[in-house]
Amino acid sequence: MTPRSFDLLPGAAASPVLLHVPHAARAIPDEVRAGLVLDDPALARELDHITDAHTDMLAERAATLASSRPWRFVNRLSRLVVDPERFPDEREEMLAVGMGAVYTRTTHREPLRPEPADSGPLVERYFRPYAEAMTRAVAGRLAASGRAVVIDVHSYPTKPLPYELHQDGPRPAVCLGTDPFHTPPELTEAARSAFARHGDVGLDSPFAGTYVPLAHYGVERRVSALMIEVRRDTYMTEPGGPAGADLERLAAALADLVDAVGGAA
């Protein structure tokens, strides 16, 4: 049976906040698995490294703790199927390491799919429906509250993996990814305040930017966005191990951020 591609989980009717969880899943449909060159043990190791483990739990718990429940958009398939946060064309800088919308290389720059790979079928089957659904989800928050706040929930490894393009910068406990158009200073400062008790909070290193559907990107200022990247050693056993008690502390911090930015405009 093919697993669901994604879920939009309702929050409070008037909440502008949408928690986006794109990289928490490990599920790969059988027909996609057949196109990967890794054997099962190697695939399991790759999933340990590439998956933002437990970030779906983090968002779920934060939604429960928040005073006004945010909406959640959760990817139910591994990013090894498609990565919904990549550009689907030559604009994507990660193409340089074989990790555009459809990956051809692993985190250790080893073959994942035969090359040259035809990404078209996977983009049409999985990437475009996901992007269209996220666009509708953001439009729904705009219609309900006059604005949308997309908080992208990620994690990253303590030590750089070979695929990372920017390995030399700081790797704080929490990295905030921003966009010059869609991330107002008050959103960044609210996140700094909310996560301060979790450790050092940095900006745009080792990962920069944030996710906004292309239909809104660079044109709709009522859509604000911020990426939250939590360093994995602060809440789980790496790579791919269980979450620890600090996940609850992180969820409380994320709930504080939701409450700080989810009130009246």
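Visitor: How far apart are the closest N and O atoms of Asp89 and Arg91?

Guide: The model is a predicted one. A salt bridge requires a side-chain nitrogen of Lys or Arg within 4 Å of a carboxyl oxygen of Asp or Glu. Asp89 and Arg91 form such a bridge, and their closest N and O atoms are separated by 2.8 Å.

Visitor: Is Asp89 buried, exposed or partly exposed?

Guide: Buried means under 20% relative accessible area and exposed means over 50%, with partly exposed in between. Asp89 has a relative accessibility of 24%, so the residue counts as partly exposed.

Visitor: Which residue forms a salt bridge with Arg197, and how many residues apart in sequence are the parts that the pair ties together?

Guide: The partner of Arg197 is Asp256, with 2.8 Å between the closest N and O atoms. Arg197 lies in the loop between α5 (185–195) and β6 (201–203), while Asp256 belongs to helix α6 (residues 246–261). The pair therefore ties together parts whose separation in sequence is 59 residues.

Visitor: Which residues are linked in a network of salt bridges?

Guide: A search of the whole structure finds 18 salt bridges. A network of salt bridges links Asp52, Arg79, Asp83, Arg86 and Arg232.

Key:
Residues are numbered from 1 along each chain as its sequence is written. This is a predicted model: local features need pLDDT of at least 70, side-chain atom pairs count only at pLDDT 80 or more; totals for chains, interfaces and linings use all residues. Side-chain values use heavy atoms; hydrogens and water are left out. Buried means under 20% relative accessible area, exposed over 50%, partly exposed in between (1.4 Å probe, protein chains only). Helices (H or I, at least four residues) and strands (E, at least two) are DSSP runs, numbered from the N terminus.
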